[in-house]
Amino acid sequence: MSSEQQPGVIVVDRGHPATRDGRGLVRGIGVVLRHLRDAFGPRLERPEQTSGVFTVQYPEERTPLPEASRNLPILLFDDDSGHELCTSCYQCERICPPQVIHITQARDPASGKAVPAIDEFILEYDACMSCGLCAEVCPFDAIKMDHAFELSTATRDPLTVDRVGLARPVSYYAQLAPQAWAEARDGAMKKLQGSRRRRTGTVGMTPARAAPAPADAPAAPIADAAPAGEPAGGEPVPASDAKAARLAAIRARNAAATDAPAPDAAPAPAGEPVGGEPMPAGDAKAARLAAIRARNAARQREGGDA
Amino acid sequence: MNRTIVISQILVIEQAPGWLVAALNHAIIAGVLLIGGAITMMLQVWVERRLIARMQDRLGPNRVGPEGILQSIADGIKMFTKEDIIPRAADRWVHLLAPIVALAPIAMMLAVLPWGRGLVAVDLEVGVLYIAAVSSISGVGLMMAGWGSRNTFALLGAMRSIAQLIAYEIPLIIALLGIVLLTGGMSLARMPELQAGIPLFGSSIPGAPDLGLGWFIFTPVGLLGGIIFFICALAEGERTPFDIPEADSEIVAGYMTEYSGMKFAVFYIAQYLLNFALAVLSAVVFLGGWQGPGVAWLADAGLGAAASLLSLLWLLLKAWGLFMLMVVIRAAVPRLRVDQLMSFAWKYLLPLALVNVASAALWVGLTEWSSIEWGNLLPVDGLAPWQRIGVAALVTAVINLGATRWVLRINRAPAAAPVVVPA
């Protein structure tokens, strides 16, 4: 063969002579039957295997996710103290391409000064694009990408997640991504120590300790059942109402900052909520929303004047 | 008929008018055939999906019912609940009638097929002619679907399917013609009866046991005819590699493009029923039908019902075997181009089928004609029937083999020039 080869001529060696007169059909059937036989044998798992069933029967069987797999962001808190790693630096809120992160910074109840902790942290899971930039940019290793992906719901509401819903203990993340956490742990914990020195009372402590733990999070040891750190002056409200109220408050504050009329979320007139007075659920909620909005607007104006 | 008497006894309607008994009789048999057809179609879909999946290193549907066997029922429920869409530009009535016109003739084919020893709904003297005539009606349904949909893809698919059906109907019928010559009649019910005995020699050797293996596929004429018939059956049933009319990667779904819900399901049922009917027909004509070891023995022992049951099992076994061969071919072979399809029908199958008819005629002459009929040219009278069959087999084998080689050689494409890469 090599003697016949001319420059510029490529002789293709198929490993078998040209298939004619139905021999290709016979060979094809042979291949197919080999696969049929092997499909009842061992599963296709090693790369050098060329046949065998590769189906993963999903809800019962799962392939392990790689450590760097990312789906939606979560907020970490320290297992022992319950302190959140987040310091309200707003880096994630700024970088978020679809702008689904909303943060309010905590203030010292006594002095009213800002402290490196969050008052509220709201993330709209339904609009999050899972880019992971928030976790990438976070200087405190406070926001990380979770592996959980089975988040289908029948309604939108559960996909607006607050500080409680986002909270996961550090041990949970360490188990998800042991290598990444091993690299980040020392720096993150050191920075948390620094933040804790400037926090007072329960500021910066995760309210998730009081709330039921997320189903997919490992059961964290509940050292101190600290009450949920509600915004100053707020009374304890049911979880769903609280969430709606917080979102409304943030929207209202933003609206006030731009001096535009507030979005028509609540029809009730603004007024101070009368503590303890029984009201119909809808009215109570509307009134609370309006109160929060008014207070926040006022605070914004004070801040602007000062 | 026997059956009529049995049914009238069961229903205690001896005093009922004869026409009522006959009508009931036919209604019951038609019901059994059609329900059996529907169940067969569901099983076919499941078997095909599971088998193909394994061949492609998958598992296939295995969730609904044990091993997914009820998947077709789930699919059927889905089809029932889907919206029935008729395009605004479509010809409403043609669009509506097309699936019915496509399915009805195929259901009618089931009537004349012999399902077992003594199990045939209608014993037509011209069964082969009936099958050929009725099966070509469904092409009208396909054209109605393509034309009535007012969709370019649908029209293209319909025209492709008509071209394919016409091209492959001819070798299909000529392949059947060879067997008609051999059996000397067009009755499908009689064909299995003529395929008793031992391979090739049938019942011609006195004293040989009746194994029920005297199938035509063991004769040279039947072998070539059977292969041609099966290939044509693939094309008629639009199975891969002849699924050009509904080539989903080229023309969406061909004539079925504008169909949804139950109308689509009717096309689907028609297709699988046609595949099964053609598999049964191949089995009846070439693979001995319900003949098989044990049937004659049971019948001789006086166990007529057991013999019928065994013969039904043999037929279903053969038909399902052929259907699985269709599935394997579907998994192994890619779709042909339209020009390859046409040249295969007209340049390979048609000449071979014609040669096969000549071989069949020669076979009949060598085995059945007397020396006088041969004009005293051949001294065939002195030979025993099995000797004459041996001579005929030898002669027809030489003719068919030579013809096959010749057809393959003259159609061989010139060797491709080596790939020259410009310097």
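How much area is buried between chain B and chain A, and what percentage of that area do carbon and sulfur atoms give? In this predicted model, local features need pLDDT of at least 70 and side-chain atom pairs count only at pLDDT 80 or more, whereas totals for chains, interfaces and linings use all residues. Residues are numbered from 1 along each chain as its sequence is written, chains are lettered from A in the order in which they are written, and side-chain values use heavy atoms, with hydrogens and water left out.

The area buried between the two chains, B and A, is about 1900 Å², of which carbon and sulfur atoms give 62%; buried area is here the accessible area (1.4 Å probe) that two parts lose on being put together, summed over both. Arg54(B), Asp57(B) and Arg63(B) supply 32% of the area that chain B buries against chain A, more than any other three residues. In terms of contact (heavy atoms within 4.5 Å), 22 residues of chain B meet 23 residues of chain A.

Across this interface the rule for a salt bridge (a side-chain nitrogen of Lys or Arg within 4 Å of a carboxyl oxygen of Asp or Glu) finds one such pair. Arg63(B) forms a salt bridge with Glu60(A), with the closest N and O atoms 3.0 Å apart. On the side of chain B that touches chain A, at least two residues each are supplied by α2 (18–55), α13 (304–332) and β3 (419–420) of chain B, where helices (H or I, at least four residues) and strands (E, at least two) are DSSP runs numbered from the N terminus. The element that gives the most to this side is α13(B), with four residues.

The structure also holds four cavities of 30 Å³ or more, a cavity being a set of points on a 1 Å grid over the protein atoms alone where a 1.4 Å probe fits but cannot get out, with lining residues having an atom within 4 Å of a point. Grid points are joined across faces, edges and corners, and a volume is the space filled by probe spheres set on the points. The largest cavity has a volume of about 110 Å³, and of the 13 residues that line it, Ile106(B), Leu142(B), Tyr255(B), Gln271(B) and Leu274(B) are the closest to its centre. The largest share of this lining, four residues, comes from α11(B).

The second largest cavity has a volume of about 70 Å³ and is lined by 14 residues, of which Pro73(A), Cys96(A), Cys128(A), Cys131(A) and Cys134(A) lie nearest its centre.

Note on methods
1 Å grid on protein atoms, 1.4 Å probe; cavity = no way out; pocket = protein on both sides within 12 Å on 5 of 7 lines; lining within 4 Å.
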